[in-house]
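Here are my notes on the model, as promised. Have it open while you read.

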Amino acid sequence: MDRTHLIEAAAHYVDGGGLIADLASLVARRSVSQSEGRLEDLYAYLQEDMQPLLFAMGFAVEIFENPREGGAPLLIASRIEDESLPTVLIYGHGDVCNGEAHRWREGLEPFTLTREGDKLYGRGTADNKIQHLINIKALELLIRETGRLGFNARIILEMAEETGSFGLREFFTANRERLAADVLIASDGPRLAVDTPTMFMGSRGGMSINLMVNLRDGDHHSGNFGGLLADPAIILAQAIATITDARGQILVPEWRPTSLTPDIRATLRDLPPRRHDAEWGESDLTPSERVFGWNSFAVLAMSSGNINAPQNAISGSARAACQLRFVVGTDMDDIIPALRRHLDAHGFSMVEVRPARGEAFRATRFSPDHPWVRFVENSLTRSAGKRPHVLPNLAGSLPNDAFTDILGLPTIWIPHSHAECGQHGPNEHALAPIAREGMQLMTALFLDIAENAKSLKQTA
């Protein structure tokens, strides 16, 4: 198969409106896994949107119940052409965050695809519907143009990533044989730069933590009791102030990683500039080192009293929803115990520490020197005409540990989104030029794998 012709065919699918039409149909499916969602919509995404598409491509498709009660469904699709060929596992998640329609600007709706110039607005346009759609359509194009894949492929789609991939690890453990592969090649997260492909081989971990101060039932008049009754909001604010200093540098000793080694620093040295506040974060680290090589603590929300209608009263309680993003080298099992010890040592034993509801993500990295990583990097370089940005891990969090620790796979992520996409917030959007290039890159990559399948299998 002529590689140039195949890349042109991939571009035509986007330029001719095919990608936008297919994406519009997926965006219209309200497959929300958070509080606005309905379980039947999560099933419908797999049964009505994905299963017919994959079945028409020659994949055997199975839809499974979640192994954990109340969990969302999962889909495995397999096309095994020859057991002697390598098997590529592809991942995606069809669930999206709450639509929050009231927060979108006028003229936009979360579940209606709207194009304005190069921007494609809608919930899931960036995270993650367009990303796995591109990869699936690249496989479809290769099959249509050549009559085969030239390798084996398995696809796993989950519907609970936005709620911590609830039940995914148990499902992987129970279905190792169904998911057996030589490599994971998937797409999620953003590129570092709009005009340059990105690769990453892992992700920062993420753990959500609730902090609470409950001193008494009910509120008390701030005049009659001011200066007499302790204010839980002030206590909580003071406790949080011991976790980081005024510029956000982490002060919990066990939360300060030791894995920012010289080789990782060398990998991060030549990355493009990142938007950042100059006086925020670890002072002796570069912006790239702060986000890809270090841990960060954030307060996601705080509550005490009614901010929309404050009363002249001292609240009886206060709480904060917090999060630690952490890299390899941080003991995930000690994150909450370490915080408990730290707060106790600073006199805040009255602050309760609890893990938030939902799954925590483990931190992962994979060697950039692995043969599969180098092969993918060379393919992307050949197609894009420039070397991709190669990261040891994504700054965000993904269930990558399920692939590395349970399935034992090398993991390679090639994102088709960008940093300013608005994912998880209002006005989420993808960029058409990235989608077009992503379609070309993935189609050419799959062709390259097919043409080098036997040598890649021997390497694995």
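1. The largest nonpolar core holds 64 residues, and Leu-54, Phe-59, Phe-151, Ile-185 and Ile-449 have the most contacts inside it. A core here is a set of buried Ala, Val, Leu, Ile, Met, Phe, Trp, Tyr and Cys residues joined through side-chain atoms within 4.5 Å, with buried meaning under 20% relative accessible area (1.4 Å probe, protein chains only). A second, separate core has 32 residues, including Leu-89, Leu-268, Leu-398 and Ala-402.

2. Bear in mind that this is a predicted model: local features need pLDDT of at least 70, side-chain atom pairs count only at pLDDT 80 or more, and totals for chains, interfaces and linings use all residues. Numbering runs from 1 along each chain as its sequence is written, and side-chain values use heavy atoms, leaving out hydrogens and water.

3. What does Phe-151 touch? Leaving aside residues up to four places away in sequence, its partners include Arg-79, Glu-81, Leu-139, Phe-446 and Ile-449 (contact: heavy atoms within 4.5 Å).

4. The chain splits into domain 1 (3-203 + 362-458) and domain 2 (205-268 + 277-355), with bounds from an automatic or database domain assignment. Domain 1 puts 14 residues into the contact and domain 2 puts in 15. Their C-alpha centres are 34 Å apart.

Definitions and conventions: Buried < 20%, exposed > 50% of the residue type's maximum accessible area, 1.4 Å probe, protein only.
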